[in-house]
Number of protein chains: 4
Amino acid sequence: YGKNTIKFLRLHKEGKKQFVKEVEVCAHLRLTSAQEYLEGNNSLVIPTDTIKNIVLVLAKKNGIPSLEQFAIDICNHFMTTFCQVAYVKAYVQEVPWQRLHEDGVPHIHSFICVPDGIRFCEAEQCRNGPLIVFAGIKDLKLMKTTQSGFEGFYKNEHTTLPERHDRILCGELFCKWSYGECKDFDFNCIWKKIRECILEAFAGPPDCGEYSPSYQKTVNCIQMLVLSRVPQVQVIEAVLNNTFYNVVDMKNLGLTNDKEVLVPVETPYGSCACTLGRKKFFEA
Amino acid sequence: YGKNTIKFLRLHKEGKKQFVKEVEVCAHLRLTSAQEYLEGNNSLVIPTDTIKNIVLVLAKKNGIPSLEQFAIDICNHFMTTFCQVAYVKAYVQEVPWQRLHEDGVPHIHSFICVPDGIRFCEAEQCRNGPLIVFAGIKDLKLMKTTQSGFEGFYKNEHTTLPERHDRILCGELFCKWSYGECKDFDFNCIWKKIRECILEAFAGPPDCGEYSPSYQKTVNCIQMLVLSRVPQVQVIEAVLNNTFYNVVDMKNLGLTNDKEVLVPVETPYGSCACTLGRKKFFEA
Amino acid sequence: YGKNTIKFLRLHKEGKKQFVKEVEVCAHLRLTSAQEYLEGNNSLVIPTDTIKNIVLVLAKKNGIPSLEQFAIDICNHFMTTFCQVAYVKAYVQEVPWQRLHEDGVPHIHSFICVPDGIRFCEAEQCRNGPLIVFAGIKDLKLMKTTQSGFEGFYKNEHTTLPERHDRILCGELFCKWSYGECKDFDFNCIWKKIRECILEAFAGPPDCGEYSPSYQKTVNCIQMLVLSRVPQVQVIEAVLNNTFYNVVDMKNLGLTNDKEVLVPVETPYGSCACTLGRKKFFEA
Amino acid sequence: YGKNTIKFLRLHKEGKKQFVKEVEVCAHLRLTSAQEYLEGNNSLVIPTDTIKNIVLVLAKKNGIPSLEQFAIDICNHFMTTFCQVAYVKAYVQEVPWQRLHEDGVPHIHSFICVPDGIRFCEAEQCRNGPLIVFAGIKDLKLMKTTQSGFEGFYKNEHTTLPERHDRILCGELFCKWSYGECKDFDFNCIWKKIRECILEAFAGPPDCGEYSPSYQKTVNCIQMLVLSRVPQVQVIEAVLNNTFYNVVDMKNLGLTNDKEVLVPVETPYGSCACTLGRKKFFEA
């Protein structure tokens, strides 16, 4: 198969107010034949350059009302235009430009990049198969400074980790969920709602939080809350890349350190991942 | 000289409410003698490991009320403790953790990383010289989708760039300013005010913006506004790394493109820089 | 499942001569139960810290005769020691230290890092299933300055790419192949032989090269040569990330440019991938 | 001032044999006036796009016989063509393409990227001042697995580092030297000789090495050997970014570890730097 990445900016105006979407689109194509690999026969190959043109033309004609709708448009175009395409996947990722505000007043044409979690989506389709839509968030870095521990784990002769009931929980979250075949959603609104669920499940109530017995359980809480609150989500995958922090031992320096100064532990670096669907389906 | 980078987290509590600073500290030391280089005599060398311990002990004892105060504390410690130190510089950079909010309610112990401009500072001192404090912001990505042009530039036989009166202005801004020797400032408050000046000067009034005839002039406007509004700033340096966008020519594709679809131009990549002080002093 | 990354150095001596392996090991584990996710019950969880200890102990006891043998050792250890492990995968990647030579004489204990393609391997096993071994090379950057073209491709109204019969072929190659269950190989020797096949198939005969009609065909040639020369390889996957170069049009500057000065085209960025096995099995 | 980065490929042929240089050029210009910053008057500004054109035209006309000669050509062009230029600096860096060999036979047109130290140079000139040429190597990663220690350093209450007489010496080296005004050198030949000096001074004799009492002393040895062997070098700056490795304590795991398994220590991360010239001039 072939894969192509295209970056561009799509502007539009409503009166004098300007709107901007900067996206990176990655289109994967697989053809029905493999003659270009086996025989060097290029007659069915759609050049990278043509794919770029098509993506730009679709952006010009349709705009980008949501990342998901744009990904769907790309899939539809390739499936209906090229009978040699056996499979198409369109991945779309957004540069997180936000409108600038001055004293609470939104600016008419100025923007600032605020990368507190990157929105992305995917649409994919096999010929004669359904068009499936995924959405997600990545590079979302979160931290709880208390209400996290790790106890009661399996121990043997290679265990040196002490049990801890008050550690830092910090990590980079990746979540990706499927909407199935249903396509008439308000994708922008649903995405924002899911982002709020993720933050709420990670943090717990604002006045007291909620104790996390492990990264794994926190991952599961996030998935469970999204599934319970957002009926459009069918399956949700979550990966949490852990950053561990150790309380610095200051005894040799004549000081006690009551979880005030901590250093990141860069090795080992871990992550835990889980995919959770509706009908009691579980795959880890 | 020697340089060391240390990353750590400093937590503190007020009642049940938790506060976090994650910083990266880089300490530069130059000794009065060079015997460790020339003769391999280590008797005056302060090991990296000791420097790390000192930074962590200072963080434990003093906390980090502001990055600037912490950098000053580090300089003072090295100058007063080690008579073999001829010069010390402490650079401190912050990981931009922000308190999470749920429906507008601040969370008691949960944070999200929001890297919309990184705050840093520097304090430096030569033995028998003044302690100078710098502060700054880096990795601040800004865009104006209109009210920017570039016309009337120098032309010769190697010129191919057309004049443009409605282009995108987009770039990554680095600003660093000095506070001189004065040290009893509310560094946190001043830094926020300067950040607001930068955004305001870049964007112009929220309802109409302000026309930028060049990246250079925008850099100058930022510097001028900071100097006029913030008397504590003595000299301000600004570097704007430009990202250019070209309107895609869609004539071959049978379409007109009225600045709706643009692609980033990755080469040539440019930047412009300027340092501006008070008394008509100018150095570019 | 969980994933952990550990970096370390393994030294050994033969007489006074020193040998070094620096590796990054990533261990993936999936447990038979999901109670740690669903219920926060950690009793079967093997902490990241324990996994790190096990990897280091295995390195100490067995050394790293080859990356593949070390990955096999890790899989075997987890499968035989922990009955709660349902699946284990060990990925091992090497930092490319090479012995320094002075005037052709190998140095007894000094090394230089030469990253001209990174060696890696994977061993994986499901409980009650076979242990499968993969090996590969990544980040291998290659260029042919001639004997490459791209003609006769599919054309429609979105096509703007001209046909070219003398372009640059440049890209970053990723290859991964499986050895199946067979484990008594000289993995180091086979890996070197495969690397040579890859370079030979990419470049063609040293005195004239071989014309490449497309990236796809070059990928296929690499796979075919490896399969024909190295009987231990069962299936081989190859991905070539293309870097395109355009001949600079210098007509406006009053010059002809006969493929002398070219600039890289960063967008669109493409890649082509193919997986090829023995029994006429083909999956793209 | 303004800065521009341009990447391109320069090919040339001798008979059927092909040669390639891929470089990244960064041109810094400072104008005699600052009116473009202060008044938005662009009439003397040389656009980034024009600078790119000039660099590409020079590459087309002159080729790149050496990085240094190309940097000199760029400086000369800007100084003689534009009277508004007060200062010009040209930085040129090379992508380390090496000719592929098959069984020792060099390939006529195929290359592999081998980044074992990146070659770069700089030429700079103020109007009415001399043209100064620098050259250098960066990203050169070296390791000695023995014959390195660190003892006798300064100790106080914050010292926790033990003395070590057999540690790993590992780091990334940056060296930059000046040739002064002299320009009729065989820059390619001198650069290779200096690279050999650096490796020899780092490693010591191939059969036994040479004991290093500190990173600082090793930096000095490198500088001294280059100055003594290469008369064209006037001043040499060297920076060694240290990577520390700790022997893993395996007592808790029931094993002794005789410097066989070590882990990199990512914090604190240090570097030491020194600039050394001829007439006993010393600046650290």
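## Basis of the description

Helices (H or I, at least four residues) and strands (E, at least two) are DSSP runs, numbered from the N terminus. In this scheme, A:Asn242 lies in strand E9 of chain A, which covers residues 235-247.

This is a predicted model, in which local features need pLDDT of at least 70 and side-chain atom pairs count only at pLDDT 80 or more, while totals for chains, interfaces and linings use all residues; side-chain values use heavy atoms, with hydrogens and water left out. Residues are numbered from 1 along each chain as its sequence is written, and chains are lettered from A and ligands numbered from 1 in the order in which they are written.

## Annotated binding-site positions

An unreviewed UniProt entry places the feature "binding site" at A:Thr48, A:Asp49, A:Phe150, A:Arg167, A:Gln216 and A:Asn242. These positions span 195 residues in sequence, and their farthest two C-alpha atoms are 51.7 Å apart, so they do not all gather at one spot. UniProt positions are given in the numbering used here, feature names are shortened, and annotations may be inferred rather than shown by experiment.

A:Phe150 is found in the loop of chain A between strand E7 (131-144) and strand E8 (169-180). Its relative accessibility is 7%, and A:Phe150 therefore counts as buried; buried means under 20% relative accessible area, exposed over 50%, and partly exposed in between (1.4 Å probe, protein chains only). A:Asn242 is also buried, with a relative accessible area of 5%.

Contact means heavy atoms within 4.5 Å. Not counting residues up to four places away in sequence, A:Phe150 touches residues of chain A, including A:Leu161, A:Glu163, A:Arg167 and A:Tyr211, as well as C:Asn42, C:Val45 and C:Pro47.

## Domains of chain A

The domain assignment of chain A gives domain 1 (2-129) and domain 2 (140-281); such bounds come from an automatic or database domain assignment. The centres of the two domains, taken over C-alpha atoms, are separated by 31 Å. In chain A, 10 residues of domain 1 are in contact with nine residues of domain 2.

Between them, these two domains of chain A bury about 900 Å², 57% of it on carbon and sulfur atoms. A:Glu68, A:Arg119 and A:Phe120 supply 49% of the area that domain 1 buries against domain 2, more than any other three residues. Buried area is the accessible area (1.4 Å probe) that two parts lose on being put together, summed over both.

B:His109 lies in strand E5 of chain B, residues 105-113. With a relative accessible area of 2%, B:His109 is buried. Leaving aside neighbours within four places in sequence, B:His109 is in contact with residues of both chains, among them A:Met143, A:Lys144, A:Cys208, B:Gln18 and B:Arg99.

## Cysteines

The structure holds zero disulfides over all chains, a disulfide being a pair of cysteine sulfur atoms within 2.5 Å. For A:Cys121, the nearest cysteine sulfur is that of A:Cys75, 9.2 Å away. A:Cys121 is buried, at 0% relative accessibility.

In chain B, the cysteine sulfur nearest to that of B:Cys274 belongs to B:Cys272, 8.4 Å away. B:Cys274 is buried as well, with a relative accessible area of 2%.

## Relation of chains B and C

The same surface serves both copies, as 100% of the contact residues of chain C recur in chain B.
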